[in-house]
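Student: Could you take me through one part of this protein slowly, and then show me how its charged side chains pair up?

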Amino acid sequence: MQQVLWDPNQQDTIFLCQSAALHASFYHAQICVHRDSLSSPQHTASSATDPHPSLAICKNAARACIHVLHVQHARTGTLSSQVLAPVHMPLFAACVVLVMDMWRERRAGRDVAPLAEDMRKGLEMLEGLER
């Protein structure tokens, strides 16, 4: 049951990797369920003022997914699986959501620095998966 709880300080790296894979899969499922709202041209408002919560859910799931996988990558040096499920697709989907949200925020004239930092982490991990 330790895999279900997210503990970034988990000493057992196998449990850490399993927990990261479970959480990444959960966040990926959230993105998949709510992704239809991402491409709609009528949804251009910020998630803070948007009456459509799907945009905020996708953005928060993407950022949380990247944070979880970044902890795993920093602690173990890899995202490769000795775990339950590969994390390539959740990571890729999270990066796509952040790119779309950065574009939306930039068009609205808002600061994208926090999103850019998460995006940088995600792209570094994707680049590492190419090797």
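Student: What covers the buried residues of α3?

Tutor: Let's start with what we are looking at. This is a predicted model, in which local features need pLDDT of at least 70 and side-chain atom pairs count only at pLDDT 80 or more, while totals for chains, interfaces and linings use all residues. Residues are numbered from 1 along each chain as its sequence is written, and side-chain values use heavy atoms, with hydrogens and water left out.

Now to your helix. Helices here are DSSP runs (H or I, at least four residues), numbered from the N terminus. What covers the buried residues of α3 includes α1 (13-34), α2 (53-76) and α4 (113-130); covering goes by contact, meaning heavy atoms within 4.5 Å. Buried means under 20% relative accessible area, exposed means over 50%, and partly exposed lies in between (1.4 Å probe, protein chains only). Among the buried residues of α3 are Leu91, Ala94, Val97, Leu98 and Met102, but Asp101, Arg104 and Glu105 are on that list too.

How about its length? Helix α3 has 20 residues (88-107), and at 1.5 Å a residue it should span 28 Å; the expected span is 1.5 Å times one less than the number of residues. The end C-alpha atoms of α3 are 29 Å apart, which agrees. Just after α3, Gly109 takes a positive phi of about 80°.

On to the charges. A salt bridge is a side-chain nitrogen of Lys or Arg within 4 Å of a carboxyl oxygen of Asp or Glu, and by this rule the count comes to six. One of them joins Arg110 to Glu105, at 3.9 Å from N to O. Glu105 is buried, with a relative accessible area of 4%, whereas Arg110 is partly exposed at 35%.

With Glu117, Arg120 makes a salt bridge of 2.4 Å, N to O; being three residues apart in α4, the two are separated by about one helical turn. With Glu124, the closest N and O atoms are 2.6 Å apart, and this pair, four residues apart in α4, is also separated by about one helical turn. Arg120 is partly exposed at 36% relative accessibility, Glu117 is partly exposed at 34%, and Glu124 is partly exposed at 43%.
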